[in-house]
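Open the model in your viewer and keep the selection panel at hand. The tour goes stop by stop.

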Amino acid sequence: MENNKTQNRRKFIQNGVRLSLLLSLGTVTAAALRKVTTDDYVWQIDPFECTQCGRCATDCVMKPSAVKCVHAFALCGYCDLCGGYLKPDSINRDTAAENQLCPTAAIERRFIEEPYFEYHINEDLCIGCAKCVKGCTSFGNGSMHLQIIHDICVNCNECSIARVCPSNAIKRVKASEAYLVKGDFSRKPKA
Amino acid sequence: MNNRTINIIVWALGAVALILIIWWVQTDPTADYLVSMPGADNRGKGLAEQDVKIGENFEQFATDYTEMSETWPRFRGADFDNISKSSVKLKEKIGTPKIVWSVELGEGHSGAAIYKGLAYILDYNEEKRSDMLRCFSLADGKEMWTRGYNLNIKRNHGMSRTIPAITEDYILTMGPMCHVMCLDRKDGSLRWGLDVAKDYESEIPLWYTGQCPLIDGKTAIIVTGGKALMIAVNCETGEKIWETPNPNNWKMSHSSVLPYTFGGRKMYVYSPIGGLVGVAADGPDAGKVLWETPAWNHSVVAPSPVCMPDGKIFMTAGYGAGSMMVQLKENSGKFSIEVLTEYVPKDGLASEQQTAIYWQGHLFGIMPKDGGSMRNQLVCVDPKDPKKPVWTSGTENRFGLGPYFMADNKLFILNDDATLTIARPSTSQYIQLDQVKIIEDAHDAWAPFALANGYLLMRDSKKMVCVDLNL
């Protein structure tokens, strides 16, 4: 009789733990599903509308900005003379500070093979100033462009850079399609 | 608390403050910074030298063709001004374009030249890994023959980008890796070849050679860079006539040599990487520098100098360089150059790739992407003040990096996607006549036009078409 009581108590605790785990798992799954399936909105930059004014670096509430440069490798020309990496009329085409356009040296340039170079953005160093985007858009294929990075962005209800964006390039997009990366989407024709 | 204790505390605080000040002064707040030095990209040692036998490959496909009367014999046409003087009347409303023939090409931006019913284009054949001059019948696009050489190159925003120079007797080409080939025009037989980069230890320009070679009479004029700045070669024999020294070590640009006569002297004007120069074209001092200036010095220069009758020379370049107007002066056989104005692209007429047209005392050009509010617009300026547009094509009429030229009192403009715009040349306003898409799904239609007998040759990066513009 005493033994049965002990077993029942243990079973009760075990079942309780199982139920709690199941409930927790269910809650997490439901929350994740809800996040994926519900149409919450986040802020994002349309790279085709962006005019590289530089305000993303100065007006975001996050310091440094939640806006970073991203690189669409499929569009890149892998040029030695990269308009996004080098200052216009740079003295030399190399990695010396005086030749780099990026004020924080956030772009890493690597030689691949003649005549190609690859450019990586170091997100930790990027401040979203858009200098590289302006150079790449003006003189290259436009593969470098700005995006709001959502693990940094706090998704303000009234996005402070959207308020000052001169080209209205910052808009609300569905959280399930939170990025407008060049190459992944193309400019939709205006109705 | 007695005085001794107070003194100890004061001295202790003073000592701590002193230590803190020393620490503050000694500490380098940038100690954790990495210094960006050259070489971090591990740049390679350049392309391996190739043993190129210039002109080794020849194939003949046909011999008969329809001979015609007109020519477009080189870059910017017979008079180097990009204006056709043909009396053939051309359509100003194209409707459905009459594509007479088309041909697939290797990826690139090389343009065609036309000589009496034959069209010539230097192409890169990716399958055969060879540079080849291709000769087509202008009337029907039938391929007549090819002459070329094996060469391994990789795509680098296209692989071909020059226009042959054609005369009655000779054809002169310059390939992506600076290989010069001189052929007999009548049968395509090889006269001579020259490996400029190897022989003159010169640097192959970024994205390969853009210099269109020049034949002046029976003399080939080629900018080499490296051990010489410019050379003249006898087209008949391949012998060097003169070499211009290059003490400044100026480099070959994508610009081309333009003949110019001013102050009683004929000269070759060129914009190398490093400056702007005029080289004597004839006389006992042929090949000598008549004048030069380092004032125009930019890392990439594609447009060629525009030389005007009053001695003004307009230079422009892309990648943020902007433009410069200089005044050439002659006094007792001595030449001097004065910079009249220099400005960034947003402040006046500028161009990234194409050379401006000088017509009726005005300059016409399409602004680059960094041209501020005028970006990508066709702009007309008075050379007296290239910063002040006489007119622009407006925000609703923007173009790209494609070519533009004049013929039959019409201005033809090609957009990047091979949309052809026809406008009425005017020094007072932009007058658009027609706009029509010529090549479907086209990209990077940047090669200059060629026109003869009403047949207009144009191309995008992979296809050349012949459009019949005859009325």
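Two strands count as paired if DSSP finds at least two bridges between them. Helices (H or I, at least four residues) and strands (E, at least two) are DSSP runs, numbered from the N terminus. This is a predicted model, in which local features need pLDDT of at least 70, side-chain atom pairs count only at pLDDT 80 or more, and totals for chains, interfaces and linings use all residues. Residues are numbered from 1 along each chain as its sequence is written, while chains are lettered from A and ligands numbered from 1 in the order in which they are written.

**Confidence**

The mean for chain B is 96, and 100% of its residues reach 70 or more. For the complex, the predictor gives an ipTM of 0.80 and a pTM of 0.87.

**Chain B, six-stranded sheet**

Select β5 (residues 118–125) and β6 (residues 130–137) of chain B. They pair in the antiparallel sense over eight bridges. Pick L122(B): its bridge partner in β6(B) is L133(B). Now widen the view to the open, antiparallel sheet of six strands, ordered β1-β7-β6-β5-β4-β2 in chain B. At its edges stand β1 (57–60) and β2 (71–72) of chain B; each has a single partner strand, so one side of each is left without a neighbour in the sheet.

**Chain B, four-stranded sheet**

Move on to β12-β13-β14-β15 of chain B. These four strands, in that order, form an open antiparallel sheet. Its edge strands are β12 (214–216) and β15 (240–244) of chain B, each pairing on one side only. From one strand to the next, the twist averages 20°; axes are lines fitted to C-alpha atoms, for helices over the stretch in contact, and angles run from 0 to 180 degrees between N-to-C directions. Zoom in on β12(B) and β13 (residues 219–223) of chain B, an antiparallel pair with three bridges. Here L214(B) has I221(B) in β13(B) as its bridge partner.

**Chain A, two domains**

Switch to chain A. Its domain assignment gives domain 1 (1–38) and domain 2 (41–177), with bounds from an automatic or database domain assignment. Their centres, taken over C-alpha atoms, are 47 Å apart.

**Where the chains meet**

Show both chains. The contact (C-beta atoms, placed from the backbone, within 7 Å) takes 24 residues from chain A and 24 residues from chain B. On the side of chain A that touches chain B, β3 (107–113) and α3 (131–139) of chain A each supply at least two residues. The largest share of that side, four residues, comes from β3(A).

Conventions: Two residues are in contact if their C-beta atoms, placed from the backbone, lie within 7 Å. pLDDT is the predictor's confidence in each residue, from 0 to 100.
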